Each structure stands twice: as C-alpha cells, then as structure tokens.
Amino acid sequence: MKYIYNKIKWILLKYYSKIMKTHTTNKTYAICCSFNKLPYLCLKIMLLRKDIFIKYYLTDENINETVENDEIKIISFEELKKLSENNSINGVILSAAYADHTVNNSIWGRAKKLYRYGIKDVLCIPATLEWTPIYKMAKIDKKNFITDIEQFSEPLVVKFLAYEGCNLNCSGCTHFASINQNPKMMTVDELNKDLLQLKKKFGYIKCIQFLGGEPLMNPQLSLMIKKVRKIFPYAQINVLTNGLLLMNTSKKLLNVLKNKKTLVFITQYKPVTKILPDITTKLDKNRIKYVVTSKIENFRIQYNQNGTGDAVKNFENCPDWACHTIVNGKIGGCYYAGLVKYANIFWNLNIPGEQYMYDLYSDEYTGAQLLKKLTSVTPLCSFCNGIPSPTIPWRCVAKDPVIADWFYN
Ligand code: SF4
Ligand code: SF4
C-alpha cells in the first residue's frame, strides 16, 4: 500500500513539473513543508498561482527518500544561502501546517531565519490549504491562500472558554477556574457571532479549542462543535478536559465528537487516573480520537505579582504564546490577559490584563495586523515566571485558596 501511495505521489510531482515547464514564469521558489505533502502542495500552488515554479525542497532534516524527479532538488539552509547570493532563487514558501508551536519554529520564527539567509520574498500558505482536498479547491475563497508573511493571517490556536468554572478546582489553575466566583457559561449564539467575526477577520484558523474550566460542563457543547465545523470546515477541533465527565457523556455528544472529527485531549490528574481505562474503552468503542497526557503530579506556579520576570525570555520559552483566547468578544495573545481579572478580584491585585485584549469587532486592525500583535511579547509576560518555574504538588483547592499556589515572588 505504502509503495502504491509513494508511486502516486511522485507521478503527481512529475505531472506538476511537466505542466510548469510549459508556463513562462521564471520565478523560482523553494518550499518548506512536510516531505510527504510535497507533490500535493505543488499541485495546489499551481492551481492558485501560475507565476510560481517550485524548484527546491528546503529542509534541515535528513531525507532518506529521493525525489524521483529531476526538477525538484532537496536543499539545506546553507545551500539556500548560496542560491540567494547567486540570485538563483526568488523566494521561499513556508507551510503553516509544517511549522510547530515554538516561537522559533513557528511560521514567523522561520521567516526571520530566512531573512537572515538573505531571502527577501517569504510567502506563506495556511494549514487550511494543506487540509483542503484538491477537488474542493474550486469552491474556496482563495484570496488569503498564498500571502507574503506580512499579510499572513491564520492564527495557530484560538481558544473558547465553554465554561469558566470547573468540577475539579485545582490549586494553581492557570485559568483561575477554581477561584472564579461567577463563572460564565458560553452560549451558542455568542460563539456563532464570534466565529463569524473571526472568519471575517482572519479567513482561516489552524486549530480551535474548547476548554474552560471544564468544557464538558457546558450542556451545549455538541451544538458548539457543529458550529465550528460548519464555519471552519478544515480547522482542527480540540476539546481539552480533565476527563471526569466523559463517562456520563451523552450519546449525542459522542456522535458529534466522532462525526465532526474532534480530538479529545485529556489532562490526567489523579482523580481521572482511576477511571481512565473505562474512559478510553468508551472513546475507542465510539471511535473518538483522543490523547491522554502523562500523570500530572506537580503544578507550575506560573505567575508573579510584581512583573519582575524577563518578558522576552518568558515569551520565547512559553508553550502558550500562540493560544489566543476569546473572552467576551475580545481576543488576547494568551489566556492570561483575559483571565487575570479573576485573580485581581479574588486577591485584590492590580495585574494589567485588559489592555492586552483586542476587540474582535473593531476595524482598527486588519487580521494580519491583529495577529502580529497577538503573537508579540507584551509587558504582561513579565508577570509570568517562565520555564523552569517553582512547582507545588497537584491538589484540589481546600476551603481557602492560597495565593502562593498561583503567584511566586
Ligand atoms: S482541571 Fe484544569 S481547568 Fe479545572 S481547575 Fe484544574 S487546571 Fe483548572
Ligand atoms: S503572558 Fe506571555 S509568558 Fe505569560 S503565558 Fe502569556 S504569552 Fe506566555
């Protein structure tokens, strides 16, 4: 089977090269994408832009396979530098699906590296392009599909807080669910409005997540997943849960999770470990995709009250720098900006958050400008402790939550 798949792959690439030879373009590009996706992406790009001829596959990895095609050569970054010095290449196309979630290997991090190598023309293709089947491409809005990095507007992750409260109440919860005295339950109408506005603003989103608090506490979660799938047909959809309610999940929700290709991401705290085999059996039986983290024994004390952290260093090492979070029609770079207000209320603190939230409905910024703001370091990052941070053993909040479990300094 793998042999046949590989054969088809290289036949497609030959077909691509043959057609491109008949075009009069002399604009030569390298592409940085998953090696497996190379032929399909070349074909998709050809359907969108007749002026681009992909001649190189750019990678730092050791590819054992050879490209069965004389037209596309595998090159390293060093070889790219030489091509750029000889003016033998016009630019590089970066695939957002291939970029990872670290600051340096994100699409923006890779673009910066290419600028250092003398490449001036950096084009990006959203993950959505990679995930749209070729036969459906005629139907899609192609306007944002190949853009220069400055115009790139596909967020990596957008998070919706389906319910801000939680049934587990961990001490040190980074979303402050366990100290939230008036947790909000999101409605389908609110979500629908925000999704349509996101679509208008950004066009595409790589991954949309439901979390909280505990998202399974929202009785309308199945309708919400359906809305996302309708408005963003090719986005990844994840539900992040502590798993405790999965044994009581309705058949309706189980069907939606399966049919709408939603990934259930279970964070494994102590109470769920005991029932985990039952949960995974149930998910397997219903053919629902899931991931379970390793056991969480300790909690990172993520925040500090005085803003004494190294903002740039914290941001560059932050696993959550691209987890843009929606709270009341506003979007923040990460969850801290929108949720710190609950810590401010509970302990009478004054940590700035609101000023780093942007109105999704304002025309002040285009999608690309807004995304640039959301993916940049802010002074709020100095109110984080960065990695490594001090830790506490995981536990549920007893009667009186202690501030030292959330803030260290
Ligand atoms: S399970 Fe997650 S959301 Fe709930 S209190 Fe614990 S850390 Fe917070
Ligand atoms: S404030 Fe900055 S460092 Fe802290 S979680 Fe958000 S992005 Fe990360």
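Q: Which residues surround ligand 1?
A: Ligand 1 is surrounded by Cys166, Leu168, Asn169, Cys170, Cys173, His175, Ala177, Ser178, Gly212, Gly213, Glu214 and Asn242. A residue belongs to such a shell if its C-beta atom, placed from the backbone, lies within 6 Å of the molecule. This is a predicted model, in which local features need pLDDT of at least 70 and side-chain atom pairs count only at pLDDT 80 or more, while totals for chains, interfaces and linings use all residues. Residues are numbered from 1 along each chain as its sequence is written, and chains are lettered from A and ligands numbered from 1 in the order in which they are written.

Q: How is the shell around ligand 1 divided by class?
A: The shell around ligand 1 has five nonpolar, six polar and one charged residues. Here Ala, Val, Leu, Ile, Met, Phe, Trp, Tyr, Cys and Pro count as nonpolar, Asp, Glu, Lys and Arg as charged, and the others, Gly among them, as polar.

Q: Which residues surround ligand 2, and how does the shell around ligand 2 divide?
A: Asn314, Phe315, Cys318, Asp320, Trp321, Gly333, Cys334, Tyr336, Leu380, Cys381 and Cys384 surround ligand 2. That shell divides into eight nonpolar, two polar and one charged residues.

Q: What is the peptide bond from Gly212 to Gly213, cis or trans?
A: The bond from Gly212 to Gly213 is cis, with omega near 15°. Gly213 lies in the loop between β8 (207-212) and α7 (221-231). A cis bond also joins Ile387 and Pro388, with omega about 0°, and Pro388 is in the loop between α13 (367-374) and β16 (391-393). Most peptide bonds are trans.

Q: Why is Phe176 called buried?
A: Phe176 has 25 other C-beta atoms within 10 Å and is therefore buried. The class begins at 20 or more other C-beta atoms within 10 Å of the residue's own, a residue with 12 or fewer is exposed, one in between is partly exposed, and C-beta atoms are placed from the backbone. Phe176 sits in the loop between β7 (157-163) and α6 (188-202) and has a positive phi of about 55° although it is not a glycine.

Q: Why is Arg287 called exposed?
A: Arg287 has 10 other C-beta atoms within 10 Å, so it is exposed. Arg287 too is not a glycine and has a positive phi of about 55°; its place is in the loop between α10 (276-285) and β11 (290-292).

Q: Why does Trp347 count as partly exposed?
A: Trp347 has 15 C-beta neighbours inside 10 Å and so counts as partly exposed. Trp347 is in helix α12, where a helix is a DSSP run of H or I of at least four residues, a strand is a run of E of at least two, and both are numbered from the N terminus. The C-alpha atoms of Trp347 and Ile403, 56 residues apart along the chain, are separated by 7.5 Å.

Q: What makes up the largest nonpolar core?
A: The largest nonpolar core has 70 residues, of which Ala162 and Ile205 touch the most other members. Its largest share, seven residues, comes from helix α12 (residues 335-347). A separate, second core of 41 residues includes Tyr56, Ile89, Leu114 and Leu123. Such a core is a set of buried Ala, Val, Leu, Ile, Met, Phe, Trp, Tyr and Cys residues joined through C-beta atoms within 7 Å.

Q: Which residues does Ile205 touch, not counting residues up to four places away in sequence?
A: Ile205 touches Glu154, Pro155, Val158, Leu198, Phe232 and Ala235. Two residues are in contact if their C-beta atoms, placed from the backbone, lie within 7 Å.

Q: What is known of how domain 1 and domain 2 are in contact?
A: Domain 1 (2-151) and domain 2 (157-405) divide the protein, with bounds from an automatic or database domain assignment. In this arrangement 13 residues of domain 1 are in contact with ten residues of domain 2. Helix α5 (residues 127-131) gives the largest share of the domain 1 side, three residues. The domain centres, taken over C-alpha atoms, are separated by 33 Å.

Q: Why does the radius of gyration of the protein agree with a compact globule?
A: A compact globule of 409 residues would have a radius of gyration near 22 Å, and the protein has 23 Å, which agrees. The radius is taken over C-alpha atoms, and the globule rule is 2.2 Å times the number of residues to the power 0.38.
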